[in-house]
Amino acid sequence: MPYTIAEQLPTAPEVLRPWVTGVRALSFTRPPEETFVRLPEAVTKVVLRVTADGQRDVLAVGPRVRASYHEGKTRVSCVELCLAPGTARPLLGVPAAALVGRVVALDGLPGEAARRLAAEMRWLDPREALPHLAEVLPGLLADAVDPSRTALLRAGVDALSVRLDRVPVQVRNVARELAVSERQLRNLFAEGVGVSPKHYARIDRVRTVVTRAADARWSELAASTGYFDQSHMTSDFRSLMGVPPRSYFAGLLPALSPCQAGPRT
């Protein structure tokens, strides 16, 4: 099985939870021996990265609609902040949909909060970034988020996410439950998540298959993640991951891509 990057993120400190759903510190002193995969992910991140030659970048990393496979790099340290749904535009000055598949310098984005955050983060030790951000980030965003739209969006995200005690509902049912049209729901997701509600649900299901595959039969996994049957799960998995589930877990992977370095700032 390939080495998977960011399949789960720890809980953010309480003071950051309105804006950040997870934080992860990564440090590679040598390339991993196995290929690593960046799973599809309907999340926008702010990343502080320090490379082996001392180059320091503060980046905005947009949602990934499909997996990619890479060789490792030596001596890279970074801290990733996983932004909560609805946070991209207030912090970065652009909707999440504008960042899909992109890695851009944070201080190159139009949001004033983004430029201030980049200045705050650039010279931090990655290990010190989180407590510092807990002090400064709430002040940058406290008055910028629309509470009603954000609450509506996050309710939609929660309803379309896989949970152990329930099967995700269909998009039209989520829209009906939230008393909005499907078009309004799509617009909310485009701005606040970056992908459509349907594609968000596909990404979340495939990520769940990756994390639960070792503990369940394929047919049981398909049913518990909301697929009509195992063949539909296999088809969706192949579309987003590039290979069917059995090949993925056997290590039969697509061709490697160069690691995306992002802009030098």
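1. A crossing of two helices is called left-handed if the near helix is turned anticlockwise from the far one by less than a right angle, and right-handed if clockwise. By this convention the crossing of H4 and H5 is right-handed. Helices (H or I, at least four residues) and strands (E, at least two) are DSSP runs, numbered from the N terminus.

2. The structure is a predicted model, in which local features need pLDDT of at least 70 and side-chain atom pairs count only at pLDDT 80 or more, while totals for chains, interfaces and linings use all residues. Residues are numbered from 1 along each chain as its sequence is written, and side-chain values use heavy atoms, with hydrogens and water left out.

3. The protein chain contains ten helices and eight strands. Of its 265 residues, 50% are buried; buried means under 20% relative accessible area, exposed over 50%, and partly exposed in between (1.4 Å probe, protein chains only). Among contacts (heavy atoms within 4.5 Å) with a separation of 6 or more, 70% involve residues 24 or more positions apart.

4. Two packed helices are described by the angle between their axes and the distance between the axes. The axes of H4 and H5 come within 10 Å and cross at roughly 140 degrees; axes are lines fitted to C-alpha atoms, for helices over the stretch in contact, and angles run from 0 to 180 degrees between N-to-C directions. On the H4 side the contact is formed by Leu152, Ala155, Gly156, Ala159 and Leu160, which meet Val171, Val174 and Leu178 in H5. These contact residues divide into seven nonpolar, one polar and no charged. In this count Ala, Val, Leu, Ile, Met, Phe, Trp, Tyr, Cys and Pro are nonpolar, Asp, Glu, Lys and Arg are charged, and the others, Gly among them, are polar.

5. A nonpolar core is a set of buried Ala, Val, Leu, Ile, Met, Phe, Trp, Tyr and Cys residues joined through side-chain atoms within 4.5 Å. The largest such core has 35 residues, and those with the most contacts inside it are Leu185, Phe189, Val193, Tyr200, Met241 and Tyr248. At least two residues each come from H4 (147-160), H5 (171-178), H6 (182-192), H7 (197-212), H8 (218-224) and H9 (230-241). H7 supplies the largest share, six residues. A second, separate core of 33 residues includes Leu16, Ala113, Val136 and Leu137.

6. Ser161 lies in the loop between H4 and H5 and is buried, because its relative accessible area is 3%.

7. Phe237, in helix H9, is buried, with a relative accessible area of 1%. Leaving aside neighbours within four places in sequence, its contacts include Val206, Val209, Val210, Tyr248 and Phe249. Phe237 and Val209 are 28 residues apart in sequence and 8.3 Å apart in space, C-alpha to C-alpha.

8. Ala179 is located in the loop between H5 and H6. Its phi is near 60 degrees, a positive value in a residue other than glycine. Ala179 is exposed, with a relative accessible area of 67%.
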